[in-house]
Amino acid sequence: MTAWEQVLDELVRARGRALVRYATLLTGDEREGEDLVQDALVRCFSQGRPLREPAAAEAYVRRAVLTIFLDGHRRTARWTAVRHLLARDDDTADHVPASTARLDVQTALLTLRPRLRACVVLRFYDDLTVPEIARRLEVSDGTVKRYLFDAIRQLESLLGPMPDAHTLDIQLVPTGVTR
């Protein structure tokens, strides 16, 4: 087994589920998330890049997942074609409140534009700072703040007030905008 195959094997065994969860938050569907991770792994390991450390490989694969997602790829067309088939059965008695809340958040995330959704996932799931998100998305800090402000406002309209949204360590309200 070559060095890159060992790194790939270790990465998939140790961090594969975390990568799929990350991609699922971006795409809104676990199967699409799995496809996205697969595409990212193929992209990262098929071009002979010297990925010899699992931690560095994970960072590289996460970046590829985000890039492929933001580029649109074929997922946008596929999701648009089947979105009307999504059915949610909130009346089922065996749902626990936490899983219902998670479904509500996932459904609400799907209403966000891709850049807004990426900012929310990077900020609240990956716990990145505004400058780190700006570097990943290759936009300015102010743009990230605006995206987060717009996304939180839209999510709050669907889910209700977010208690931590107003006490973040960043200023989400752009200059000159009042709440």
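A nonpolar core is a set of buried Ala, Val, Leu, Ile, Met, Phe, Trp, Tyr and Cys residues joined through side-chain atoms within 4.5 Å. This predicted model has such a core, and the largest one holds 41 residues. Within that core, Leu-26, Phe-45, Val-61 and Val-65 touch the most other members. Seven elements are named as giving two or more residues each: α1 (3-27), α2 (30-45), α3 (54-70), α5 (97-110), α6 (114-125), α7 (130-137) and α8 (141-159). The top contributor is α1, with eight residues. In soluble globular proteins, nonpolar side chains tend to be buried together.

Step back to the whole chain. The secondary structure comes to eight helices and zero strands. Read from the N terminus, the order is α-α-α-α-α-α-α-α. The chain has 179 residues, and 37% of them are buried. Now take the contacts between residues at least 6 apart in sequence. Of these, 63% join residues at least 24 apart.

Next comes α3. This helix has 17 residues. From its first C-alpha to its last, α3 reaches 24 Å, close to the 24 Å expected at 1.5 Å a residue. Its buried residues are Ala-57, Glu-58, Val-61, Arg-62, Ala-64, Val-65, Leu-66, Ile-68 and Phe-69. The list includes the charged residues Glu-58 and Arg-62. After α3 comes Gly-72, with a positive phi near 95°.

Which residues does Val-61 contact, leaving aside its neighbours within four places in sequence? The partners are Leu-11, Leu-19, Ala-40, Leu-41, Cys-44 and Phe-45. Phe-45 and Val-61 are both among the core members that touch the most others.

Thr-27 lies in helix α1. With a relative accessible area of 5%, Thr-27 falls under the 20% cut-off and is therefore buried. Thr-27 and Phe-69 are 42 residues apart in sequence. In space, their C-alpha atoms are 7.5 Å apart.

Now turn to α7 and α8. Their axes lie 8 Å apart and pack at an angle of about 105°. Angles from 65 to 115 degrees count as roughly perpendicular, so α7 and α8 are roughly perpendicular to each other. On the α7 side, the residues in this contact are Val-130, Pro-131, Ile-133 and Ala-134. They meet Asp-141, Val-144, Lys-145 and Leu-148 in α8. By type, the contact divides into six nonpolar, no polar and two charged residues.

The loops on either side of α7 deserve a look. Most residues other than glycine have a negative phi. Asp-127 has a positive phi, near 55°, and is not a glycine. Its place is in the loop between α6 and α7. Is Asp-127 buried or exposed? Its relative accessibility is 58%, over the 50% cut-off, so Asp-127 counts as exposed.

Glu-138 gives a second case. Its phi is positive, about 60°, although Glu-138 is not a glycine. This residue sits in the loop between α7 and α8. At 65% relative accessibility, Glu-138 counts as exposed.

Notes
Residues numbered from 1 in each chain as written. Predicted model: local features only at pLDDT ≥ 70, side-chain atom pairs only at ≥ 80, totals over all residues. Heavy atoms only, no water. Buried < 20%, exposed > 50% of the residue type's maximum accessible area, 1.4 Å probe, protein only. Helix = DSSP H or I, 4+ residues; strand = E, 2+ residues; numbered from the N terminus. Contact = heavy atoms within 4.5 Å. Axes fitted to C-alpha atoms, helices over the stretch in contact; angles between N-to-C directions. Parallel < 35°, antiparallel > 145°, perpendicular 65-115°, else oblique. Expected span 1.5 Å × (residues − 1).
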